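Visitor: I'd like to go through a few residues here. Can you put the structure up?

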Amino acid sequence: MKRKIKICVLMIMLFMALAVGSYSTYAFLTDTKVITHSFEIDKINGEVIVTGNAEVDSKIVNGDLAYIHHVDDFVKNKYELLDTMASQLKISITSNNSYACRVKVKLPNLDELKGLIYIVIDDTKDTKDLPVSLQIATTADADGNVTKAVLQYGYVESDGTVTYNDLIDVTTLYNLEITDANIGNSNNTLRELVQNYNYNKLSTLYTDDSNIFTSSESMYFRVLMWGDYYSLTDTTDYLTKTFSFKVTAKVIQAIDQTTQGGTPNYDED
Amino acid sequence: MMKTNNKKLCATLLCVLVLVVFITSATYAWLSIEGSKDVDASFGDFKVAVDVKNDDTNGVLVEGLYKVNGLSQGDYEAIEDSISAEGELKTYYEDLAKYPYIDTLKVSVKVTSEIAGYMRVKILDEWQVTRDYINFDKVSQEAIFRATDEDSFMFNLGAGWVYDPVTKYCYYSKLINKGEETFSFIDGGSFYTPKVSSYFIETCEVTLALEVEVVQANRFEALWGIEEIPQPKEVTGNA
């Protein structure tokens with residue numbers, strides 16, 4: 001009799017565990033508040049604010065994209081207009097928790113955005129309202145050959161000064177003789193460079209311990225985006241194309257990884 | 001006895017396992033949270049409006065006053081974005097004190113831009129002088145032309161505009177930023193002074209058309225075929 005009671009109790013507990021586990025998993029997977037600025041579920045809460053040109057029906061609308069030439073503009077910045085031509089998204093994430101949290105930000109992969117190219121750059125509370133400046137810094141040898149070309153960014157201070165930081169090494173593309181025949185190949189190379197850079201940037205934002213923040217602290221970053229004509233698979237009506245760009249942020253209690261003895265993993269957490 | 005203990009141990013382990021699953025699942029649900037925001041990104045364009053007016057209230061100086069709103073896309077391959085607006089201006093020799101009326105002509109261009117761009121305008125003008133011989137019931141007409149493009153340019157261009165005799169366009173020398181801005185393009189001018197004598201009276205009739213082109217800033221070289229936007233010449237003083 002006792003055995004039967006034990007089996008019954010075990011069965012009930014198993015069902016309860018499965019039910020709660022399933023529900024928890026379901027909640028975790030689907031409690032994504034789309035088109036909301038702040039979220040709070042259970043004991044983790046935070047705020048994600050994305051600002052663009054305009055907001056229509058709770059959706060950010062950036063209507064100022066412009067096509068750029070990936071070599072003249074992106075790699076060589078020939079007209080020094082790469083920053084001017086950029087459409088910008090400013091993203092800030094604030095944790096309202098008393099305990100340490102990490103933030104995992106997911107942005108669309110460039111493979112899903114044929115016709116669009118973007119880069120992620122750091123921002124801070126002090127720089128978030130400043131204009132961003134991009135430049136190509138080159139190093140040349142004695143014969144004048146460019147041995148290194150790096151895309152750099154900085155913020156234009158009120159006195160006009162800019163301190164630049166390295167973004168992407170574009171040396172290989174800088175020295176390529178681009179013709180109409182091989183422009184497609186060089187474009188793929190550029191997109192690969194940019195995709196790798198973005199992935200590393202977002203991954204570092206999540207895994208680097210220096211980015212752990214607690215209550216009332218915020219994380220800022222900026223997304224600069226341009227039209228990329230050469231990656232379009234269909235150039236029909238290229239001027240009226242619209243891209244859907246989803247910004248997803250996941251706040252994860254940092255202590256979780258510590259207590260479980262694991263390390264944060266951008267792809268798997 | 002041993003068998004009973006094993007069963008108890010198994011049952012306890014199973015309970016602990018179930019409990020761990022339960023706690024882990026429940027805890028994990030509030031250890032992370034996710035939010036997202038949708039963004040729609042589309043391409044910017046330009047809107048151009050040309051306004052022609054004459055600020056002289058005493059004379060009827062402008063016929064065919066026009067105001068045109070045109071749409072101009074952030075073009076990439078071809079100049080499809082130029083707008084052409086035509087109007088007719090007539091200067092009448094009616095009042096010697098007000099002569100010449102072209103002095104009071106004002107043309108402005110309003111650009112509403114979602115992306116940075118450059119602008120140029122082509123002036124397509126025709127000048128015709130009609131001479132009315134008072135006592136002879138005779139009228140003659142003659143088309144007149146500028147001697148050279150550069151020296152005899154007949155309209156005073158607003159600040160920031162540069163006429164390029166090679167391409168025959170007037171370029172706005174500065175970058176047009178996002179937003180709405182009105183640029184003074186023509187502010188009066190002079191070219192031909194109608195003559196009056198006891199034998200005849202001249203009337204100069206000007207037909208003016210403007211062609212405005214705005215291009216996204218990084219494409220001016222590809223579309224306009226110039227390496228740089230013409231800049232005003234620096235004025236150097238005498239030593």
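Visitor: Is A:Asp237 buried or exposed?
Guide: A:Asp237 counts as exposed, at 56% relative accessibility. Buried means under 20% relative accessible area, exposed over 50%, and partly exposed in between, with a 1.4 Å probe and protein chains only. This is a predicted model: local features need pLDDT of at least 70, side-chain atom pairs count only at pLDDT 80 or more, and totals for chains, interfaces and linings use all residues. Residues are numbered from 1 along each chain as its sequence is written, chains are lettered from A and ligands numbered from 1 in the order in which they are written, and side-chain values use heavy atoms, with hydrogens and water left out.

Visitor: Where is A:Asp237 found?
Guide: In chain A, the loop between strand E12 (218–227) and strand E13 (242–253) holds A:Asp237. Helices (H or I, at least four residues) and strands (E, at least two) are DSSP runs, numbered from the N terminus.

Visitor: And what is the phi of A:Asp237?
Guide: Near 55 degrees, a positive value in a residue other than glycine.

Visitor: Over to chain B. What about the phi of B:Asp137?
Guide: B:Asp137 has a positive phi too, near 50 degrees. B:Asp137 lies in the loop between strands E7 (117–133) and E8 (138–144) of chain B, and is exposed, with a relative accessible area of 77%.

Visitor: New topic: what is B:Glu221 in contact with?
Guide: Leaving aside neighbours within four places in sequence, B:Glu221 is in contact (heavy atoms within 4.5 Å) with A:Lys78, A:Tyr79, B:Ile226 and B:Glu227. B:Glu221 sits in helix H2 (residues 220–224) of chain B and is partly exposed, at 21% relative accessible area.
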